[in-house]
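Please keep the model open beside you as you go through them.

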Amino acid sequence: MKPLVAITGASSGIGAAAARAFSEAGHPLLLTARRVELMEEMGLPDAICRAHDVVDAEGYRRLVDEAETRYGPVDLLVNNAGFMVLEEFAALSPEDWRQQFEVNCIGLLNTTSAVLPAMIERGTGTIMNIGSTAGRTMYPNHTVYNGTKYAVHAMTEGLRREAAPANVRVILISPGFVLTDLLTGTRAETIKEGYHAYRDEIGGALDPREIARAMLFAYEQPQHLCIWEMVVTPTRQLV
Ligand code: NDP
């Protein structure tokens, strides 16, 4: 059997598409998100599906132990769980900005800390972080979400430099517009309409399976080859 792949936020969108793609490629999986039933409904073989909130670092260690006992070491961790609330800063609540930083940044550190030290010790393994074009360019109403994704990009580069001498890869996938449920965190109708209007203007969003294909391509390169970053957007997306 191929090595174990762990994916956070696997209950919908890009994470669910990645779960299917890595399963089709023959990998056993550790799938986590809060909505466990959605992951179980996918019915993937050799998949351990567990309800888990990425803010819980200790809980993730226990899940990694459980999965590794059955399938061997995690060879790839995909830090995909994410949350977005688009608003002018003044209209956001402390809970809005706390939640975005907790899921997108602290969560990524929690799950990474559960697997990276062992990868470095083994001298092999891959961490794949889902950043965004919002980690490269500022967009209107994105101040806090942009902040979380710029942080993801910075931390990915720092982790890459720390892990590289041990032959461990840290890869950044930066999608542009992808058709998922991500916008459901946003309350303001005018902002949602603007988001949809730009998406239509550029000929539509990508399918999550197109991002999953890029992720699989990056992972399937030989261990001595690291794709630092893949920016994957609809062709007509400008920034
Ligand atoms: P979705 O809303 O479809 O998926 C988000 C996933 O994150 C869900 O599985 C959700 O699971 C999980 N999640 C959210 N909060 C938590 C939490 N506290 N603990 C554990 N899991 C959590 O959106 P996408 O598929 O679009 O998002 C996936 C990643 O892609 C995110 O990091 C996002 O920022 C990034 N991205 C998306 C783009 C797009 O255009 N869609 C563009 C660029 C980047 P559950 O609710 O069950 O916990």
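**Notes on the model**

1. The structure holds zero disulfides, a disulfide being a pair of cysteine sulfur atoms within 2.5 Å. Cysteine 49 counts as buried because its relative accessibility is 9%, where buried means under 20% relative accessible area, exposed over 50% and partly exposed in between (1.4 Å probe, protein chains only). Cysteine 226, with a relative accessible area of 26%, is partly exposed.

2. This is a predicted model, in which local features need pLDDT of at least 70 and side-chain atom pairs count only at pLDDT 80 or more, while totals for chains, interfaces and linings use all residues. Residues are numbered from 1 along each chain as its sequence is written, and side-chain values use heavy atoms, with hydrogens and water left out.

3. Valine 74 is found in strand β4, residues 74-79 (strands are DSSP runs of E, at least two residues, and helices runs of H or I, at least four, numbered from the N terminus). Its relative accessible area is 1%, so valine 74 is buried. Leaving aside neighbours within four places in sequence, valine 74 is in contact (heavy atoms within 4.5 Å) with residues including Val64, Val115 and Met119.

4. Helix α3 (residues 57-71) and helix α4 (residues 94-122) pack at an angle of about 40°, with their axes 9 Å apart; axes are lines fitted to C-alpha atoms, for helices over the stretch in contact, and angles run from 0 to 180 degrees between N-to-C directions. That makes α3 oblique to α4, since angles under 35 degrees count as roughly parallel, over 145 as roughly antiparallel, 65 to 115 as roughly perpendicular and the rest as oblique.

5. Where the two helices meet, Ala57, Tyr60, Arg61 and Val64 in α3 touch Asn110, Thr111, Ser113, Ala114 and Val115 in α4.
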